[in-house]
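Please report on the helix packing, the aromatic pairs and selected side chains of this model. Keep it short and give the cut-offs.

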Amino acid sequence: MKSAITEKASKLFLQLGFKSVTMDDLALSLGISKKTLYIHFDNKQQLVKVVAQAIFKKITEDILKIKESCSNPIEELHFVKMEAMKYLGNEKTSPNYQLQKYYPDIYMDLRSKEYQYFGKMVRDSLQDGIKSGLFRAGIDVEFVSRLHLNGMRGIRDIEIFPIEQFKIEELFENYLDYHLRAIITPKGLETLTLFK
């Protein structure tokens with residue numbers, strides 16, 4: 001039952017946002033009592049944490065599959081961006097916005113895991129780009145990987161980029177263009193133009 005609750009909550013939270021879905025809504029959609037929900041989860045905060053971690057794990061797995069299927073790191077970044085857009089909305093109901101605003105501890109916990117999970121992936125992509133001649137040979141891989149991950153965090157920060165003023169799709173597109181143009185070779189620029 002706990003996994004069924006988590007799965008249904010994940011779908012509702014992604015569709016409507018973490019704050020927008022109440023425990024009553026969840027119980028009703030599952031056809032169970034609210035009391036049954038509280039047998040498995042002490043409170044909504046605990047449920048949000050479990051669901052947010054499950055979504056993070058799914059995103060990580062999906063990005064690993066993308067990395068394995070792409071022919072080069074520029075294509076990889078393009079498809080990772082498209083995958084991320086499935087989970088990031090641009091409205092106040094978006095899970096990203098609501099986690100930051102209403103569940104900041106959970107949001108910060110996930111942020112702290114990002115480098116642990118994605119750091120090696122980004123470093124490997126940078127090395128692949130250098131080997132393939134798409135990225136400049138002289139870049140400091142450790143520095144650029146951390147800069148990239150920090151930039152990806154920054155564009156999702158609703159205080160720096162309020163959703164009323166900035167569309168997340170445009171932020172991703174602009175940031176990736178900015179990031180790649182700083183490290184690509186002429187050969188890399190040719191590849192980049194294929195994804196514009």
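Tyr103 is buried because its relative accessible area is 8% (buried means under 20%, exposed over 50%, partly exposed in between, with a 1.4 Å probe and protein chains only). Tyr103 sits in the loop between helix H6 (95-102) and H7. Helices here are DSSP runs of H or I with at least four residues, numbered from the N terminus. Beyond its neighbours within four places in sequence, Tyr103 is in contact with Phe18, Lys19, Lys44, Gln45, Val48 and Gln98; contact means heavy atoms within 4.5 Å. Val48 is 55 residues from Tyr103 along the chain, and their C-alpha atoms are separated by 8.3 Å.

This is a predicted model, in which local features need pLDDT of at least 70 and side-chain atom pairs count only at pLDDT 80 or more, while totals for chains, interfaces and linings use all residues. Residues are numbered from 1 along each chain as its sequence is written, and side-chain values use heavy atoms, with hydrogens and water left out.

**Helix packing**

Helix H4 (residues 44-69) takes part in two helix contacts described here. With helix H7 (residues 104-131), the axes come within 11 Å and cross at roughly 5 degrees. Axes are lines fitted to C-alpha atoms, for helices over the stretch in contact, and angles run from 0 to 180 degrees between N-to-C directions. H4 and H7 are therefore roughly parallel to each other. Angles under 35 degrees count as roughly parallel, over 145 as roughly antiparallel, 65 to 115 as roughly perpendicular and the rest as oblique.

On the H4 side, the residues that meet H7 include Val48, Ala52, Phe56, Ile63 and Leu64. On the H7 side they include Ile106, Leu110, Glu114, Tyr117 and Phe118. By class, the contact of H4 with H7 has 10 nonpolar, four polar and seven charged residues. Ala, Val, Leu, Ile, Met, Phe, Trp, Tyr, Cys and Pro count as nonpolar; Asp, Glu, Lys and Arg count as charged; the others, Gly among them, count as polar.

Helix H1 (residues 2-16) also packs on H4, at an angle of about 80 degrees with the axes 9 Å apart. H1 and H4 are therefore roughly perpendicular to each other. H1 contributes Ile5, Thr6, Ala9, Ser10, Phe13 and Leu14, and H4 contributes Lys44, Leu47, Val48, Val50, Val51 and Ile55. This contact of H1 with H4 has nine nonpolar, two polar and one charged residues.

**Aromatic pairs**

How many aromatic pairs does the structure hold? There are five aromatic pairs. Rings of Phe, Tyr and Trp (its six-membered ring) pair if their centres lie within 6.5 Å; planes under 30 degrees apart count as stacked, over 60 as edge-to-face and the rest as tilted. Two of the pairs are tabulated.

| Pair | Centre to centre | Between planes | Geometry |
|---|---|---|---|
| Phe56 and Tyr117 | 5.3 Å | 80 degrees | edge-to-face |
| Tyr175 and Tyr178 | 6.5 Å | 40 degrees | tilted |

Phe56 lies in helix H4 and Tyr117 in helix H7, so their pair ties together parts that are 61 residues apart in sequence. Phe56 is buried at 12% relative accessibility. Tyr117 is partly exposed at 39% relative accessible area. Ring pairs link Phe56, Tyr117 and Phe118 into a cluster.

Tyr175 and Tyr178 both lie in helix H9 (residues 168-183), three residues apart, about one turn of the helix. Tyr175 is buried, with a relative accessible area of 12%. Tyr178 is exposed, with a relative accessible area of 64%.

**Selected side chains**

Glu114 lies in helix H7. Is Glu114 buried or exposed? Glu114 counts as buried, at 11% relative accessibility. Its side chain is joined to that of Arg153 by a polar contact of 3.4 Å. A polar contact is a pair of N or O atoms within 3.5 Å; within protein, one must be able to donate a hydrogen and the other to accept it, and residues adjacent in sequence count only if both atoms are side-chain atoms. Not counting residues up to four places away in sequence, Glu114 touches Phe56, Gly119, Arg153 and Arg156.

Lys57 is in helix H4. Lys57 is exposed, with a relative accessible area of 52%. The side chain of Lys57 makes a polar contact of 2.9 Å with the side chain of Glu61.

Ser145 is found in helix H8 (residues 141-155). Ser145 is buried, with a relative accessible area of 0%. Leaving aside neighbours within four places in sequence, Ser145 is in contact with Tyr115, Val122, Arg123 and Leu126.
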